[in-house]
Amino acid sequence: LQVNKLAQTSIRTGDANKDGKVDLQDLSVLLSNWAKTSGFPDEVDTNDDSLINTFDFAGMLQILRLEGVIQ
C-alpha cells in the first residue's frame, strides 16, 4: 500500500466528508459504510475495489498515521 499526500485543494483519499483533512470523522464514515458495494463516498474506498472492507480500513489507518492523527 502506498499513500501519496495531495495538495489541500484536491479531494483526497480518505477525506470522506471533504473538509480538507483526513481524521477520525472520516474513519467513522468508512465504518458506517462497512461491506457496502455502492452508495458510499469514493474517498473511503482506499484501494478502489468498490467494496468497503478490511483493506480500506488498513488504508485509512495508514493515512491517519501519515497525517499524525494516530500513532
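A polar contact is a pair of N or O atoms within 3.5 Å; within protein, one of the two must be able to donate a hydrogen and the other to accept it, and residues adjacent in sequence count only if both atoms are side-chain atoms. Helices (H or I, at least four residues) and strands (E, at least two) are DSSP runs, numbered from the N terminus. With these terms, Asn53 is seen to cap the N-terminal end of helix 2, where a side-chain oxygen lies 3.1 Å from the backbone nitrogen of Phe55.

The model is predicted: local features need pLDDT of at least 70, side-chain atom pairs count only at pLDDT 80 or more, and totals for chains, interfaces and linings use all residues. Residues are numbered from 1 along each chain as its sequence is written, and side-chain values use heavy atoms, with hydrogens and water left out.

The chain contains two helices and zero strands. Of its 71 residues, 34% are buried, where buried means under 20% relative accessible area, exposed over 50%, and partly exposed in between (1.4 Å probe, protein chains only). Contact means heavy atoms within 4.5 Å. Among contacts between residues at least 6 apart in sequence, 41% join residues at least 24 apart.

Helix 1 covers residues 24-32, and its buried residues are Asp26, Leu27 and Leu30. Seen down the helix axis, these buried residues fall within an arc of 105 degrees, so they line one face of helix 1. The arc is that of the directions from the helix axis to the C-beta atoms. An α-helix has 3.6 residues a turn, so residues three or four places apart point the same way. Helix 2 (54-66) is part of what covers the buried residues of helix 1. At the N-terminal end of helix 1 the cap is Asp23, with a side-chain oxygen 3.1 Å from the backbone nitrogen of Gln25.

Helix 2 has 13 residues and reaches 18 Å from its first C-alpha to its last, close to the 18 Å expected at 1.5 Å a residue; the expected span is 1.5 Å times one less than the number of residues. Its buried residues are Asp56, Gly59, Met60, Leu61, Ile63 and Leu64, and their cover includes helix 1. Just after helix 2, Gly68 takes a positive phi of about 80 degrees.

The loop between helix 1 and helix 2 holds Asp48 and Ser50. Asp48 is not a glycine, yet it has a positive phi of about 55 degrees; it is exposed, with a relative accessible area of 65%. Ser50, also a residue other than glycine, has a positive phi near 65 degrees and is partly exposed at 43% relative accessibility.

The structure holds one aromatic pair. The ring centres of Trp34 and Phe57 are 6.5 Å apart and their planes lie at 75 degrees, so the pair is edge-to-face. Rings of Phe, Tyr and Trp (its six-membered ring) pair if their centres lie within 6.5 Å, and planes under 30 degrees apart count as stacked, over 60 as edge-to-face and the rest as tilted. Trp34 lies in the loop between helix 1 and helix 2 and Phe57 in helix 2, so the pair ties together parts 23 residues apart in sequence. Trp34 is partly exposed at 40% relative accessibility, and Phe57 is partly exposed at 29%.
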